[in-house]
Amino acid sequence: MPLYLQFEQVDVFAERPHEGNALAVVVGADELTTGQMQAFARWTQLSETTFILKPEAPEAHYRVRIFTPLRELPFAGHPTLGSCEVWLKQQDHRDHIEIIQECPAGLIRVRKQGRYLAFSAPPLLRSGPLDAMTLHQIEQGLGLSAGQILASQWVDNGPGWAGVLLASRDEVLAIKPNYAALQGLNVGVIAPWPGPEAEADVEVRTFMGEECNEDPVTGSLNAGLAQWLIGAGILRDRYMVSQGTVIGRRGRLQIEDIDGTIWVGGEVQHCISGRAVF
């Protein structure tokens, strides 16, 4: 017998629908196998698809599993906020101020403030400077000349991010990735957006080497970049991120350091509601 489950598609880090990063969410997925989840995520062909389940940790409100078309992730940012928004929609009372999400990376705190949801950045699984071979790989993969990368760091909180800092937004927007040269490396690039007409403080692009695509808006990467760059004194403790410009999106993320905890926030727009069959 087919199993029909509630399905939602939302747009995360978007001030209006269709400008951010789309996420597919399946609700009440406790009966699904890992194989069924991975097959559905492969079918949606979105950067991530999530499945909301009953929590196992007593302090958690819900549990989530996160899949790309190729693999399961222990944590990801826009799936966290999108899943939380869908979970909140199911509640009789939506007056939760802080929600606890359970995922393979642990318990993630999510705060609701008006239109915004924000998650607390999980600890980095890997940090420290990139080695010379990895830097050369990034230069080849992104078409950067020697000296364009001003600083670099591992900022991995699950997907394996390597972060690099460039001098200008124009340099970031000019990148034409060569995914074969990246050899599966996931890279985030950030640079300041100066001037009176700037709509944000920095511009970010994310190149997912394993999936061979550019992610529209990326919460996990921006969490890692903030932990690195705020911690190093390069960025102040509150700033706005623009992402997705080159691929026709207008993603916006609010980054804030509150008493040593990095919060990554944005709006979530509802786009599609229905049922999925398994």
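This is a predicted model: local features need pLDDT of at least 70, side-chain atom pairs count only at pLDDT 80 or more; totals for chains, interfaces and linings use all residues.
Let me begin with helix 2, which is mostly covered, since twelve of its 14 residues are buried. The buried residues of helix 2 run through Gly77, His78, Pro79, Thr80, Leu81, Gly82, Ser83, Cys84, Glu85, Val86, Trp87 and Leu88. As for its length, helix 2 covers residues 77–90, and at 1.5 Å a residue those 14 residues should span 20 Å, which agrees with the 21 Å that separates its end C-alpha atoms.

Let me turn now to the salt bridges, of which the structure holds 16. One of them joins the side chains of Arg252 and Glu199, with N and O 2.6 Å apart. This pair links distant parts of the chain, 53 residues apart, because Arg252 lies in strand 15 (residues 251–258), whereas Glu199 sits in the loop between strand 11 (186–192) and strand 12 (202–208). Arg252 is buried, with a relative accessible area of 7%, while Glu199, at 46%, counts as partly exposed. Both residues also belong to a network of salt bridges that links Glu15, Glu199, Arg250 and Arg252.

Another salt bridge is formed by Arg205 and Glu214, whose closest N and O atoms are 2.8 Å apart. Here Arg205 counts as buried, at 3% relative accessibility, and Glu214, at 14%, counts as buried too.

Finally, the side chains of Arg16 and Glu19 meet in a salt bridge at 3.1 Å, N to O. In this pair Arg16 is partly exposed, at 44% relative accessibility, whereas Glu19 is buried, with a relative accessible area of 15%.

Conventions:
Residues are numbered from 1 along each chain as its sequence is written. Side-chain values use heavy atoms; hydrogens and water are left out. Helices (H or I, at least four residues) and strands (E, at least two) are DSSP runs, numbered from the N terminus. The expected span of a helix is 1.5 Å times one less than its number of residues. Buried means under 20% relative accessible area, exposed over 50%, partly exposed in between (1.4 Å probe, protein chains only). A salt bridge is a side-chain nitrogen of Lys or Arg within 4 Å of a carboxyl oxygen of Asp or Glu.
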